[in-house]
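Please look over the sequence and the structure shown below. The report that follows starts from one residue and then widens to the whole chain.

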Amino acid sequence: MSSVTPVPADAVPAGVPATPPRRDTRALVRAYVALTKPRIIELLLVTTVPAMLLAARGIPSPWLVLNTLIGGTMAAGSANALNCVVDADIDAVMKRTSARPLAKHAVPTRNALVFGLVLGVLSFGWLYATTNLLAAAMAVGAILFYVLVYTMLLKRRTSQNIVWGGAAGCMPVVIGWSAVTGDVGWQALVMFGVIFFWTPPHFWALAMKFRDDYAKAGVPMLPVVATAQHVAKQIVVYSWVMVAWTALLIPATGWVYTAFALLAGGWFLVFAHRLYAAVRRDQPANPMKLFHMSNTYLTAVFVALAVDSALSLPVTGWPF
(Lines give C-alpha, C1' and ligand atoms only; values in the text may rest on other atoms or scores of the structure.)
Protein backbone atom coordinates (compact mmCIF):
# COMPACT_ATOMS: atom_id res chain seq x y z
CA MET A 1 0.00 0.00 0.00
CA SER A 2 1.41 3.34 -1.06
CA SER A 3 1.59 6.20 1.36
CA VAL A 4 1.29 9.96 0.83
CA THR A 5 3.98 12.02 2.40
CA PRO A 6 2.55 15.24 3.91
CA VAL A 7 4.08 18.48 2.73
CA PRO A 8 5.95 20.12 5.56
CA ALA A 9 4.67 23.50 6.69
CA ASP A 10 7.97 25.18 5.91
CA ALA A 11 7.63 24.15 2.26
CA VAL A 12 5.04 26.89 1.70
CA PRO A 13 6.76 30.11 0.57
CA ALA A 14 6.85 32.86 3.16
CA GLY A 15 4.09 35.43 2.82
CA VAL A 16 1.76 33.10 0.87
CA PRO A 17 -1.27 31.89 2.84
CA ALA A 18 -1.77 28.12 3.02
CA THR A 19 -5.37 28.60 1.81
CA PRO A 20 -6.51 31.61 -0.24
CA PRO A 21 -8.69 34.05 1.70
CA ARG A 22 -12.40 33.91 0.96
CA ARG A 23 -13.79 36.94 -0.80
CA ASP A 24 -16.13 38.94 1.36
CA THR A 25 -19.21 38.81 -0.85
CA ARG A 26 -21.30 40.89 1.50
CA ALA A 27 -18.75 43.70 1.51
CA LEU A 28 -18.64 43.64 -2.28
CA VAL A 29 -22.42 43.81 -2.51
CA ARG A 30 -22.44 46.72 -0.06
CA ALA A 31 -19.87 48.50 -2.20
CA TYR A 32 -21.99 48.18 -5.34
CA VAL A 33 -25.08 49.32 -3.46
CA ALA A 34 -23.12 52.30 -2.13
CA LEU A 35 -22.31 53.29 -5.73
CA THR A 36 -26.02 53.94 -6.28
CA LYS A 37 -26.18 56.37 -3.30
CA PRO A 38 -29.29 54.83 -1.66
CA ARG A 39 -30.04 57.83 0.58
CA ILE A 40 -30.42 60.07 -2.46
CA ILE A 41 -32.63 57.48 -4.15
CA GLU A 42 -34.91 57.36 -1.10
CA LEU A 43 -35.60 61.07 -1.40
CA LEU A 44 -36.31 60.76 -5.11
CA LEU A 45 -38.81 57.96 -4.52
CA VAL A 46 -40.55 60.01 -1.85
CA THR A 47 -41.49 62.50 -4.58
CA THR A 48 -42.41 59.92 -7.24
CA VAL A 49 -45.33 58.26 -5.44
CA PRO A 50 -47.17 61.51 -4.58
CA ALA A 51 -46.81 62.61 -8.21
CA MET A 52 -48.48 59.37 -9.32
CA LEU A 53 -51.27 59.80 -6.77
CA LEU A 54 -51.91 63.34 -7.93
CA ALA A 55 -51.94 62.23 -11.56
CA ALA A 56 -54.61 59.65 -10.72
CA ARG A 57 -56.31 61.92 -8.14
CA GLY A 58 -56.65 58.74 -6.17
CA ILE A 59 -54.71 55.51 -5.88
CA PRO A 60 -53.30 54.14 -9.17
CA SER A 61 -52.59 50.48 -9.80
CA PRO A 62 -50.21 49.20 -7.09
CA TRP A 63 -48.36 47.25 -9.78
CA LEU A 64 -47.87 50.41 -11.81
CA VAL A 65 -46.51 52.21 -8.76
CA LEU A 66 -44.19 49.32 -7.91
CA ASN A 67 -42.88 49.00 -11.46
CA THR A 68 -42.31 52.75 -11.71
CA LEU A 69 -40.37 52.71 -8.45
CA ILE A 70 -38.25 49.76 -9.59
CA GLY A 71 -37.45 51.42 -12.89
CA GLY A 72 -36.84 54.76 -11.21
CA THR A 73 -34.53 53.17 -8.67
CA MET A 74 -32.44 51.59 -11.41
CA ALA A 75 -32.32 54.88 -13.33
CA ALA A 76 -31.22 56.86 -10.27
CA GLY A 77 -28.74 54.14 -9.34
CA SER A 78 -27.30 54.25 -12.84
CA ALA A 79 -26.85 58.03 -12.74
CA ASN A 80 -25.26 57.92 -9.30
CA ALA A 81 -22.90 55.07 -10.15
CA LEU A 82 -21.73 56.83 -13.32
CA ASN A 83 -21.32 60.02 -11.29
CA CYS A 84 -19.04 58.10 -8.92
CA VAL A 85 -16.93 56.94 -11.88
CA VAL A 86 -16.46 60.46 -13.25
CA ASP A 87 -15.89 62.02 -9.82
CA ALA A 88 -13.63 59.31 -8.40
CA ASP A 89 -10.65 61.67 -8.32
CA ILE A 90 -12.33 64.44 -6.33
CA ASP A 91 -14.18 61.94 -4.11
CA ALA A 92 -10.79 60.65 -2.97
CA VAL A 93 -9.70 64.18 -2.03
CA MET A 94 -12.77 65.25 -0.08
CA LYS A 95 -13.31 63.98 3.46
CA ARG A 96 -17.09 63.81 2.98
CA THR A 97 -16.78 61.42 0.05
CA SER A 98 -13.52 59.62 0.81
CA ALA A 99 -15.39 56.50 1.97
CA ARG A 100 -17.13 55.97 -1.37
CA PRO A 101 -16.32 52.65 -3.09
CA LEU A 102 -14.13 54.00 -5.91
CA ALA A 103 -12.29 56.36 -3.57
CA LYS A 104 -11.42 53.33 -1.39
CA HIS A 105 -10.75 51.13 -4.45
CA ALA A 106 -13.39 48.68 -3.21
CA VAL A 107 -14.71 48.30 -6.77
CA PRO A 108 -12.67 48.47 -10.00
CA THR A 109 -13.50 51.55 -12.05
CA ARG A 110 -14.27 49.49 -15.14
CA ASN A 111 -16.72 47.34 -13.19
CA ALA A 112 -18.44 50.40 -11.76
CA LEU A 113 -18.79 51.85 -15.27
CA VAL A 114 -20.32 48.65 -16.60
CA PHE A 115 -22.58 48.43 -13.54
CA GLY A 116 -23.88 51.96 -14.10
CA LEU A 117 -24.47 51.42 -17.82
CA VAL A 118 -26.26 48.12 -17.26
CA LEU A 119 -28.56 49.72 -14.68
CA GLY A 120 -29.39 52.45 -17.17
CA VAL A 121 -30.28 49.96 -19.90
CA LEU A 122 -32.34 47.88 -17.47
CA SER A 123 -34.22 50.95 -16.25
CA PHE A 124 -35.25 51.86 -19.80
CA GLY A 125 -36.32 48.31 -20.60
CA TRP A 126 -38.23 47.91 -17.36
CA LEU A 127 -40.11 51.20 -17.62
CA TYR A 128 -40.85 50.68 -21.31
CA ALA A 129 -42.25 47.20 -20.65
CA THR A 130 -44.26 48.08 -17.54
CA THR A 131 -45.27 51.75 -17.99
CA ASN A 132 -44.80 53.54 -21.32
CA LEU A 133 -42.18 54.82 -23.73
CA LEU A 134 -42.40 58.42 -22.50
CA ALA A 135 -41.55 57.50 -18.91
CA ALA A 136 -38.72 55.24 -20.06
CA ALA A 137 -37.26 57.88 -22.37
CA MET A 138 -37.37 60.57 -19.69
CA ALA A 139 -35.57 58.25 -17.27
CA VAL A 140 -32.74 57.83 -19.77
CA GLY A 141 -32.76 61.58 -20.40
CA ALA A 142 -32.38 62.22 -16.67
CA ILE A 143 -29.39 59.85 -16.50
CA LEU A 144 -27.68 61.50 -19.46
CA PHE A 145 -28.35 65.00 -18.14
CA TYR A 146 -26.98 64.20 -14.68
CA VAL A 147 -23.83 62.54 -15.98
CA LEU A 148 -23.02 64.54 -19.12
CA VAL A 149 -24.38 67.99 -18.28
CA TYR A 150 -24.04 68.26 -14.50
CA THR A 151 -21.15 65.95 -13.64
CA MET A 152 -18.94 66.33 -16.71
CA LEU A 153 -19.80 69.83 -17.96
CA LEU A 154 -21.06 72.06 -15.14
CA LYS A 155 -19.77 70.75 -11.82
CA ARG A 156 -16.12 71.73 -12.23
CA ARG A 157 -16.70 74.84 -14.32
CA THR A 158 -19.35 77.07 -12.76
CA SER A 159 -20.75 78.01 -9.37
CA GLN A 160 -24.23 77.62 -10.88
CA ASN A 161 -23.57 73.90 -11.31
CA ILE A 162 -26.14 72.72 -8.79
CA VAL A 163 -28.80 75.17 -10.00
CA TRP A 164 -28.99 73.76 -13.51
CA GLY A 165 -27.59 70.33 -12.79
CA GLY A 166 -30.24 69.82 -10.12
CA ALA A 167 -32.83 69.52 -12.88
CA ALA A 168 -31.99 65.82 -13.13
CA GLY A 169 -33.22 65.31 -9.59
CA CYS A 170 -36.56 66.88 -10.52
CA MET A 171 -37.34 64.27 -13.17
CA PRO A 172 -38.84 61.53 -10.92
CA VAL A 173 -42.05 63.53 -10.43
CA VAL A 174 -42.44 63.97 -14.19
CA ILE A 175 -41.66 60.30 -14.79
CA GLY A 176 -44.19 59.26 -12.15
CA TRP A 177 -46.85 61.51 -13.66
CA SER A 178 -46.23 60.28 -17.20
CA ALA A 179 -46.31 56.64 -16.05
CA VAL A 180 -49.93 57.20 -14.99
CA THR A 181 -51.18 59.54 -17.70
CA GLY A 182 -48.88 58.98 -20.67
CA ASP A 183 -48.24 62.71 -20.97
CA VAL A 184 -46.80 65.64 -18.99
CA GLY A 185 -49.40 67.89 -17.37
CA TRP A 186 -48.85 71.36 -15.94
CA GLN A 187 -49.09 69.90 -12.44
CA ALA A 188 -46.02 67.76 -13.18
CA LEU A 189 -44.13 70.86 -14.28
CA VAL A 190 -45.08 72.66 -11.07
CA MET A 191 -43.80 69.72 -8.99
CA PHE A 192 -40.63 69.79 -11.10
CA GLY A 193 -40.25 73.48 -10.21
CA VAL A 194 -40.73 72.87 -6.50
CA ILE A 195 -37.76 70.49 -6.43
CA PHE A 196 -35.78 72.68 -8.83
CA PHE A 197 -35.98 75.70 -6.50
CA TRP A 198 -35.55 73.52 -3.40
CA THR A 199 -32.24 72.07 -4.59
CA PRO A 200 -30.00 75.19 -4.30
CA PRO A 201 -30.89 76.05 -0.66
CA HIS A 202 -30.62 72.37 0.23
CA PHE A 203 -27.23 71.82 -1.40
CA TRP A 204 -25.67 75.20 -0.72
CA ALA A 205 -26.30 74.69 2.99
CA LEU A 206 -24.32 71.43 2.76
CA ALA A 207 -21.61 73.12 0.67
CA MET A 208 -21.25 75.87 3.28
CA LYS A 209 -20.40 73.21 5.84
CA PHE A 210 -17.92 71.44 3.54
CA ARG A 211 -16.57 74.54 1.81
CA ASP A 212 -12.94 73.61 2.46
CA ASP A 213 -13.55 70.15 1.04
CA TYR A 214 -14.86 71.54 -2.25
CA ALA A 215 -12.09 74.15 -2.39
CA LYS A 216 -9.46 71.45 -1.90
CA ALA A 217 -10.99 69.40 -4.72
CA GLY A 218 -11.16 72.42 -7.01
CA VAL A 219 -14.96 72.32 -7.34
CA PRO A 220 -16.37 75.88 -7.64
CA MET A 221 -19.47 75.44 -5.52
CA LEU A 222 -21.02 78.80 -4.68
CA PRO A 223 -19.70 78.85 -1.07
CA VAL A 224 -16.18 78.38 -2.47
CA VAL A 225 -16.24 81.35 -4.84
CA ALA A 226 -18.60 83.72 -2.96
CA THR A 227 -18.84 85.14 0.55
CA ALA A 228 -20.93 83.37 3.16
CA GLN A 229 -23.27 86.36 3.26
CA HIS A 230 -23.89 86.17 -0.49
CA VAL A 231 -24.57 82.43 -0.27
CA ALA A 232 -26.98 82.87 2.63
CA LYS A 233 -28.78 85.64 0.74
CA GLN A 234 -29.15 83.42 -2.29
CA ILE A 235 -30.54 80.68 -0.06
CA VAL A 236 -33.20 83.11 1.18
CA VAL A 237 -34.10 84.17 -2.37
CA TYR A 238 -34.47 80.62 -3.65
CA SER A 239 -36.41 79.65 -0.53
CA TRP A 240 -39.00 82.37 -1.16
CA VAL A 241 -39.34 81.37 -4.79
CA MET A 242 -39.72 77.71 -3.78
CA VAL A 243 -42.47 78.43 -1.26
CA ALA A 244 -44.30 80.63 -3.75
CA TRP A 245 -43.99 77.92 -6.37
CA THR A 246 -45.62 75.33 -4.09
CA ALA A 247 -48.70 77.58 -4.03
CA LEU A 248 -49.11 77.09 -7.78
CA LEU A 249 -50.23 73.55 -7.06
CA ILE A 250 -53.05 74.61 -4.74
CA PRO A 251 -55.70 74.88 -7.51
CA ALA A 252 -55.12 71.18 -8.34
CA THR A 253 -55.21 69.96 -4.74
CA GLY A 254 -57.32 70.10 -1.57
CA TRP A 255 -57.02 71.60 1.89
CA VAL A 256 -54.50 69.05 3.24
CA TYR A 257 -51.83 69.99 0.72
CA THR A 258 -52.65 73.67 0.96
CA ALA A 259 -52.28 73.73 4.74
CA PHE A 260 -49.05 71.74 4.81
CA ALA A 261 -47.47 73.60 1.90
CA LEU A 262 -48.06 76.98 3.54
CA LEU A 263 -47.12 75.94 7.08
CA ALA A 264 -44.03 73.97 6.03
CA GLY A 265 -43.05 76.78 3.71
CA GLY A 266 -43.17 79.30 6.54
CA TRP A 267 -41.10 76.93 8.65
CA PHE A 268 -38.47 76.67 5.90
CA LEU A 269 -38.31 80.45 5.51
CA VAL A 270 -37.69 80.89 9.23
CA PHE A 271 -34.65 78.61 9.01
CA ALA A 272 -33.36 80.35 5.88
CA HIS A 273 -33.69 83.82 7.40
CA ARG A 274 -32.06 82.71 10.66
CA LEU A 275 -29.06 81.43 8.73
CA TYR A 276 -28.80 84.68 6.78
CA ALA A 277 -29.14 86.80 9.95
CA ALA A 278 -26.40 84.85 11.73
CA VAL A 279 -24.01 85.11 8.78
CA ARG A 280 -24.72 88.81 8.25
CA ARG A 281 -24.00 89.55 11.92
CA ASP A 282 -20.85 87.44 11.76
CA GLN A 283 -22.26 85.11 14.39
CA PRO A 284 -21.75 81.32 14.54
CA ALA A 285 -24.02 79.72 11.96
CA ASN A 286 -24.95 76.07 11.49
CA PRO A 287 -26.03 75.57 7.87
CA MET A 288 -26.50 71.84 8.49
CA LYS A 289 -29.66 72.64 10.43
CA LEU A 290 -31.16 74.01 7.24
CA PHE A 291 -29.78 71.09 5.23
CA HIS A 292 -31.38 68.43 7.44
CA MET A 293 -34.56 70.46 7.80
CA SER A 294 -34.82 70.78 4.00
CA ASN A 295 -35.09 66.99 3.69
CA THR A 296 -37.88 66.96 6.25
CA TYR A 297 -39.61 69.84 4.48
CA LEU A 298 -39.64 68.18 1.07
CA THR A 299 -40.86 64.92 2.56
CA ALA A 300 -43.65 66.66 4.50
CA VAL A 301 -44.90 68.61 1.47
CA PHE A 302 -44.99 65.57 -0.80
CA VAL A 303 -46.48 63.27 1.84
CA ALA A 304 -49.24 65.86 2.32
CA LEU A 305 -49.72 65.86 -1.44
CA ALA A 306 -49.97 62.06 -1.41
CA VAL A 307 -52.55 62.04 1.39
CA ASP A 308 -54.56 64.81 -0.25
CA SER A 309 -54.62 62.92 -3.56
CA ALA A 310 -55.26 59.47 -2.08
CA LEU A 311 -58.29 60.79 -0.18
CA SER A 312 -59.58 62.42 -3.38
CA LEU A 313 -60.40 65.58 -1.45
CA PRO A 314 -62.34 68.32 -3.25
CA VAL A 315 -60.00 70.33 -5.45
CA THR A 316 -59.59 74.00 -4.54
CA GLY A 317 -59.75 75.05 -8.17
CA TRP A 318 -58.88 78.34 -9.80
CA PRO A 319 -60.33 81.56 -8.33
CA PHE A 320 -61.52 82.68 -11.76
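## A buried serine and its surroundings

S123 lies in helix α5, residues 109–130. Helices here are DSSP runs of H or I with at least four residues, strands are runs of E with at least two, and both are numbered from the N terminus. This is a predicted model, in which local features need pLDDT of at least 70, side-chain atom pairs count only at pLDDT 80 or more, and totals for chains, interfaces and linings use all residues. Residues are numbered from 1 along each chain as its sequence is written, and side-chain values use heavy atoms, with hydrogens and water left out.

S123 is buried, with a relative accessible area of 0%. Buried means under 20% relative accessible area, exposed means over 50%, and partly exposed is in between, using a 1.4 Å probe and protein chains only. Leaving aside residues up to four places away in sequence, S123 touches G71, M74, A75 and I143; a contact means heavy atoms within 4.5 Å.

## The chain as a whole

The protein has 14 helices and zero strands. Its C-alpha trace spans about 100 × 55 × 30 Å along the principal axes. Of the 320 residues in the protein, 50% are buried. Among contacts between residues at least 6 apart in sequence, 76% join residues at least 24 apart.

## Helix α1

Helix α1 covers residues 25–35, and its buried residues are A31, Y32 and L35. Seen down the axis of α1, these residues fall within an arc of 95°, so they line one face of the helix. The arc is that of the directions from the helix axis to the C-beta atoms. An α-helix has 3.6 residues a turn, so residues three or four places apart point the same way. The face of α1 turned away from its buried side carries the exposed residues R26 and R30. The cover over the buried residues of α1 includes α3 (62–86) and α5.

## The nonpolar cores

A nonpolar core is a set of buried Ala, Val, Leu, Ile, Met, Phe, Trp, Tyr and Cys residues joined through side-chain atoms within 4.5 Å. The largest one has 82 residues, of which M191, Y297 and F302 touch the most other members. Helix α9 (residues 186–209) supplies the largest share of this core, 14 residues. Not counting residues up to four places away in sequence, M191 touches A51, L54, V173, W177, L249, F302 and L305. Another core, of 10 residues, lies apart from the largest one and has A31, Y32, L35 and A81 among its members.

T246 is placed in helix α12, residues 228–247. With a relative accessible area of 1%, T246 is buried. Beyond residues up to four places away in sequence, T246 touches V194, Y257, A261 and Y297.

## Two helices side by side

Helix α6 (residues 133–154) and helix α8 (residues 171–181) pack at an angle of about 170°, with their axes 8 Å apart. Axes are lines fitted to C-alpha atoms, for helices over the stretch in contact, and angles run from 0 to 180 degrees between N-to-C directions. The two helices, α6 and α8, are therefore roughly antiparallel to each other, a term for angles over 145 degrees. On the α6 side the contact is made by L134, A135, M138, A139 and A142, and on the α8 side by M171, V174, I175, S178 and A179. The residues of this contact divide into nine nonpolar, one polar and no charged. Ala, Val, Leu, Ile, Met, Phe, Trp, Tyr, Cys and Pro count as nonpolar, Asp, Glu, Lys and Arg as charged, and the others, Gly among them, as polar.

The table lists two pairs of residues with their separations.

| Pair | Apart in sequence | C-alpha to C-alpha |
|---|---|---|
| V307 and P50 | 257 residues | 8.1 Å |
| A55 and W177 | 122 residues | 5.6 Å |

V307 is in helix α14, residues 287–310, and counts as partly exposed at 37% relative accessibility. A55 is found in helix α2 and is buried, with a relative accessible area of 18%. A55 touches W177, V180 and T181, not counting residues up to four places away in sequence.

## Positive phi in two loops

R57 is not a glycine but has a positive phi of about 45°. R57 lies in the loop between α2 (38–56) and α3. H105, also not a glycine, has a positive phi of about 60°. The loop that holds H105 is between α4 (88–93) and α5, and H105 is exposed, with a relative accessible area of 70%.

Technical notes
Angles under 35 degrees count as roughly parallel, over 145 as roughly antiparallel, 65 to 115 as roughly perpendicular and the rest as oblique.
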